[in-house]
Every structure is written in structure tokens, then in C-alpha cells.
Amino acid sequence: MLTHHRLPVCLSVVSTDLPIWFTIETAATLYQKERDRFHLLLREPPLPAWESPHPPQTGATDVVKRTPQRLLWLEISPYRMIMTMQANGNLSYRHRWERGVYGISRYWLHEKATKKHQSLQLRNYTRMLKLEGYPLPQSLELDYELWSGKVHLGHYLLRLRMYH
């Protein structure tokens, strides 16, 4: 049972204890894999990357360049969510969240010159995962903590809204 729908979405992530907050509003494709399993595919709009001119010149202003678009792939169910980001840039990641369980957040750093890949693995603890909407999801709320060993790296709230 594979059906798909094109729809606008809003994805936001907020840290409750760090100055981290971002929102993505874009179009996405929702694929229904099974009764309660969905894949959501979206492209993050390009973000400006600020560069200072080299060497500095009198009266020079910063130059704005656009970063390449990043592809976000979300696997969603009432019990689990996996988010994978793939880009042509220097960073990719995959988060796996499951209610009441320590999951894995893995980041890959790509070095273009040497074509080497380095990875960093963190743990996340999912406090709450709530998927609403039937037969198609309309919202997802995720409340989790991020950990590196015994060091707490923040408490985060992820909210996904899908407009049918």
C-alpha cells in the first residue's frame, strides 16, 4: 500500500535550555507505507552562509552565499521516528527516537579534499512521542534529551505540522 501526497509542512526544533531554535516551512511528499507508517521527504530551503572577504578591505561588506539544499527524510510511526539528513555539503546525520528508549544520534563529517568520513555518535532519550491525525498524520511532537556519555547536551522539542 504505497500512496503519496504533496503537502506543505512546518518543522521546528527548539531547545529549552540552549539558544537553539529553527523552523523550516516547505513542501513535502508524504508516502504511506502501511496503516500507521509513513515516510516524509522534504528539501530544506537554502540557508545563507556568511563569509568575510579575504583579505579585509576598507568598506567591504560580508558576502552572502547560498548553501546547497539539504534532503530530509523522516520515517514516522506512532512509536518511532527516524530523521536522516543528506547533503552535498560537509555534514549528514541520522537520529532515531523511540518513546522511553535511549536512541542514537549519529553525525557524519565529510572531508572533500581527502574523501574521508568521520562520525560522531551521541545518545538521545525520548521523553514523549505523539503522532496525531487519521488516516493521514497532521502533527508530530517529540520531546527528547541529547547526551554524550554522561554529559547532558540539551533538552529539545521537535514539532512537525502537515497541512492537508
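View 1. Arg-35 has 52% relative accessibility, so it counts as exposed; here exposed means over 50% relative accessible area, buried means under 20%, and partly exposed is anything in between, using a 1.4 Å probe and protein chains only. The model is predicted, so local features need pLDDT of at least 70 and side-chain atom pairs count only at pLDDT 80 or more, while totals for chains, interfaces and linings use all residues. Residues are numbered from 1 along each chain as its sequence is written, and side-chain values use heavy atoms, with hydrogens and water left out. Arg-35 and Asp-36 meet through their side chains in a salt bridge, at 3.2 Å from N to O. A salt bridge here is a side-chain nitrogen of Lys or Arg within 4 Å of a carboxyl oxygen of Asp or Glu. Asp-36 is partly exposed, at 28% relative accessible area. By this rule the count of salt bridges comes to seven.

**View 2. Glu-141 and Arg-159 link two strands.** The side chains of this pair, Glu-141 and Arg-159, form a salt bridge with 3.6 Å between N and O. Glu-141 lies in strand S11 and Arg-159 in strand S12 (residues 151–162), so the pair ties together parts that are 18 residues apart in sequence. Strands (E, at least two residues) and helices (H or I, at least four) are DSSP runs, numbered from the N terminus. Glu-141 is buried, with 17% relative accessible area, whereas Arg-159 is partly exposed at 38%.

View 3. Salt bridges with shared partners join Arg-80, Arg-96 and Glu-98 into one network. In the bridge between Glu-98 and Arg-96, the closest N and O atoms are 3.9 Å apart. As background, side chains of opposite charge can pair when their charged atoms come close.

View 4. Strand S3 (residues 37–44) and strand S6 (residues 70–76) run antiparallel and pair over seven bridges; two strands count as paired if DSSP finds at least two bridges between them. In this pairing, look for Leu-40 opposite Leu-74 in S6. S6 also pairs in the antiparallel sense with strand S7 (residues 80–86), over six bridges. There, Leu-71 stands opposite Gln-86 in S7. The hairpin joining S6 to S7 goes through three residues.

View 5. Not counting residues up to four places away in sequence, Leu-160 touches partners including Val-9, Leu-11, Leu-40, Leu-74, Ile-76 and Leu-140; contact means heavy atoms within 4.5 Å. In soluble globular proteins, nonpolar side chains tend to be buried together.

View 6. Ser-92 belongs to strand S8 (residues 91–98) and is buried, with 10% relative accessible area. Leaving out residues up to four places away in sequence, Ser-92 touches Met-85, Gln-86, Ala-87, Arg-106, Tyr-107, Trp-108 and His-110. Ser-148 is in strand S11 and is partly exposed at 34%. Beyond neighbours within four places in sequence, Ser-148 is in contact with Leu-122 and Leu-153. The C-alpha atoms of Ser-148 and Leu-122 are separated by 5.2 Å, though the two are 26 residues apart along the chain.

View 7. The bond from Tyr-134 to Pro-135 is cis, with omega near 5 degrees. Pro-135 is in the loop between strand S10 (116–132) and strand S11 (139–148). Zoom out, and the chain has zero helices and 12 strands.
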